[in-house]
Amino acid sequence: MPTLTRTYANPHDWDNHPLRKHLENGIHICASSNMRAGISTAYQSYNNLCSINALMKELYPTWNSSELQLEQYLELSRWLQENKQLFPSEKLFDAFRSNTKGLVMLMRKLAESGVKPKDLKDTFTDMDLRGQNVSEKELMFFKIWTAVDNGTDGSSYSYARYRYQLKKKQLTINDLNNAFKSIQNPKPVSLPVDPIIFLHGFYFITPEQQFFLEQLKKSFKVVMFLYYEPKYERTFSFMRSFIQPKYGWEAIPYIKDSAAMTDNISDLFLRVYEDGNGTFKKGTQEVLSYANFFEFTQDVIYPNYPTEEEERDSRHKELDIYTPNASEMNELLINHYPELDQKNRNFLSYPVGRFFSTIHEIYQDGQYRLTYDQLHELFTSGWLYNSETRQNARNYTHDLKDIEAFVDRAETIDQWITLCENLKKQILFIEKHFPLPVDASRIQKSTRSPFTKNSHFSMETDRLNHIIKFLVEIKDICNELFESGQAGTKINRHFKKLESLMNKRIGHVQQDFNDVEQKLVEDLRTRLSYIQSDSDLLYSDLHEAVSLYLSGKFDAKDEKLIRPFMEIDGEAFKQRNLDYDYKVYVSGLDEHSLPLAAEAFHWPLQKDTWIALGDRVPRIAYDYMRTDAKKYISRYLFYIMLRFIPKERLHLSWIRHFIGQDERKSALYIRQLELPTINYTPPIQEKMDVQNRLLTDVVYSQDELESGYKTLLYNDFFAEYVQCPKRFYYSYLMQEYPVFRSEYTQIFLFTELIKISAKAAKYDANKLYNELDGFFPQWISVKKRLEAENALNYAYKRTLQQHQVDENVYVSEIRKNFQFPGLKNERRDTLYEQAVMQRHVIEEALMAEQQVSLDAISGFHCRFCPHNDLCPAVTYGIDLKEDTDD
């Protein structure tokens, strides 16, 4: 069918274009979803609009599904493992194994570009004849691609099949009609019988787009409709390399532009490049400089993200954010602020995704290996539920922290279970030898035994029993998913098990879902049923494959909160019809990001190979042509931004420190125009509420303090107030009494236990070691023996004489060493003396009528505090010298 190329110089003036009638009745395919949104805003009578990505996903749903990509990943991983002997070296094999995802994406790109393995083979021949080097890894890639191009045994859909389908299938108006119905649902669709298809925003074309458009042109009349200003030929002419007869397009016509250059900042910007010898004129558009991404988020995204009330307002605020670093910034948003970008959250942003990803991480080399972090992830997910006890593991997450140090050396689920069962026996042993009355006070509980201050020995056995049951539950889940003694299984077989597991557990946990999670879970259950491949998989590949699958967004629409700068051309249209408060933020305008950076080529193929392949398959040349044109494309987009977005709506910025990199300066264009730059300073209130909200003093009402005060009539507790009021708060207002969880502090408790045991029982080192060894499995024998020997060489000054500290409660002064491990005796005694002397002052401070601020007193002693994992004011001791009185 005929192909035309037409241009326009003003996106707001299509109503006067010679093609206006055809435009109103035509089909419009846009290079990006933002261009589609722009045209839809500017020309609301145009009905049939879509992005090229959305159209291709509807026309070829199987190829574009996440499920097929998962299958392709697993099939390639299996092939690599089974054909390891084909690789000339272990190093090369490891390189290909670690780049499995990239290899799948490269083979998909080649298929989508209409390239066959034979094309690459012929390219290698051409390169040999020219004396160009073909690398070892490129030859290996050719072997792999040739082997899997038609799929492996059991494949549901191969690369070759898609390539053939795209090339041979004749698209019909019925195909387009069905695709548009799905894209525009519930909006009705009525496509003309013999339509003209207009292409918008294709100022460059990718090989994949070109291959699809070549097929489209076989069935329909196509018009390439481009924004082009002849007066800036030096900048706009890069499009001529893409749109030319060599690639099946009518050349861009040369039209003399009579429009005069103005003093608008956009004209001031391009005029220098056009004249070649002019100078830049100083602009007035301000540019903000943010110190980091956090500042940008607090200033731009949080204040402007619409609430439900604002969304219901017909004159609502809207914003669009563009940056050359869009992929990195969206990744940061999803990982750190998922609530802000709901349309692009992935399954791993939710408990269900993290639960299934972690379960697959446990299976390693035929064993169920389990780390504390993995167990914590499973507990917090809410998907670990014991139907026998009707308990959810999420309610026991805090208890995990209590046993973390005790189970530090556990590597497998069985070792976790064994250690926890041993811990239960030890707790029962301690309870038997250090009994408590039924109505024991917190003073009695906190001074019960020398073991009490160790977090794991202070646990209730009932709660420990539940943790053991959850560990057994995890083991049962793994047994259900992974076949014993097997290295792998069938892809569809495994995911059918996963679907069954999900269906079995959902009834117990769905009551805690919000609406978004409910929809997500139902979506995941449906999608799992789509996985049909009968190919083999290796269990060793599953975790990474499942994580990649779950990291994909579950909403198929291309609606990112932060858009690539390359899509800003859509803004030229949006400004035509806006009648509400609308802002455009363009960030990432730093020296490394604009002009746009060259994109990396496709490992393991070299750029020379890609260029040579472009000689064989011309559309491949589009890839490196875009790289060569990056400085022209950058100017083109920057010009559109300055020309069409009103100054009052445009907000420019860059981030000085981005993802840990060195400080960046503003972009070249900002400096050329001498745009005034301002360092962003957060408002004082924002600093208080956002940046330092965790560092503000803990403040409590009178009622809260009175309720806990009656149980605090114990000078030992006030000793903690003397050292640090915030420690006092965490120790006795947030819980019954403090325990120590860190291994660092528990070593001090271990040595104190050695000292008191030696003084009380007169045991020698071997006897003491044998008695206490089983209570501390987290440390190797050599470490325990060394600590014990060092402790016994210490002259223990504390006496065993007991003193009455409460009614019917007698405790020796050794208790001070367990309450303040790590400090010197002199410092401990001083704290207790000050607690007695200041008791009335402390009482008056706590019981004052006004709100009480419990300030932190930071210092060397923070390293021994039981709450240094919670307290935001903690001072870490690595750079501190010991205080003179500590």
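Me: Which residue in β3 is the bridge partner of His-28?
Reply: In β3, His-28 has Leu-49 as its bridge partner. Strands here are DSSP runs (E, at least two residues), helices are runs of H or I with at least four, and both are numbered from the N terminus. Two strands pair if DSSP finds at least two bridges between them. Strand β2 (residues 27–30) and β3 run parallel and are joined by three bridges. By the way, this is a predicted model: local features need pLDDT of at least 70, side-chain atom pairs count only at pLDDT 80 or more, and totals for chains, interfaces and linings use all residues. Numbering starts from 1 along each chain as its sequence is written, and side-chain values use heavy atoms, leaving out hydrogens and water.

Me: In what order do the five strands form the open sheet?
Reply: The order is β1-β5-β4-β2-β3, with parallel pairing. At the edges sit β1 (3–8) and β3 (49–51), each pairing on one side only.

Me: What about nonpolar cores?
Reply: In soluble globular proteins, nonpolar side chains tend to be buried together. A nonpolar core is a set of buried Ala, Val, Leu, Ile, Met, Phe, Trp, Tyr and Cys residues joined through side-chain atoms within 4.5 Å; buried means under 20% relative accessible area (1.4 Å probe, protein chains only). The largest one here has 129 residues, and Phe-141, Trp-249 and Val-586 are among those with the most contacts inside it. Helix α30 (residues 630–644) gives the most to this core: nine residues. A second, separate core has 85 residues, including Ile-467 and Met-502.

How values were computed:
Buried means under 20% relative accessible area, exposed over 50%, partly exposed in between (1.4 Å probe, protein chains only).
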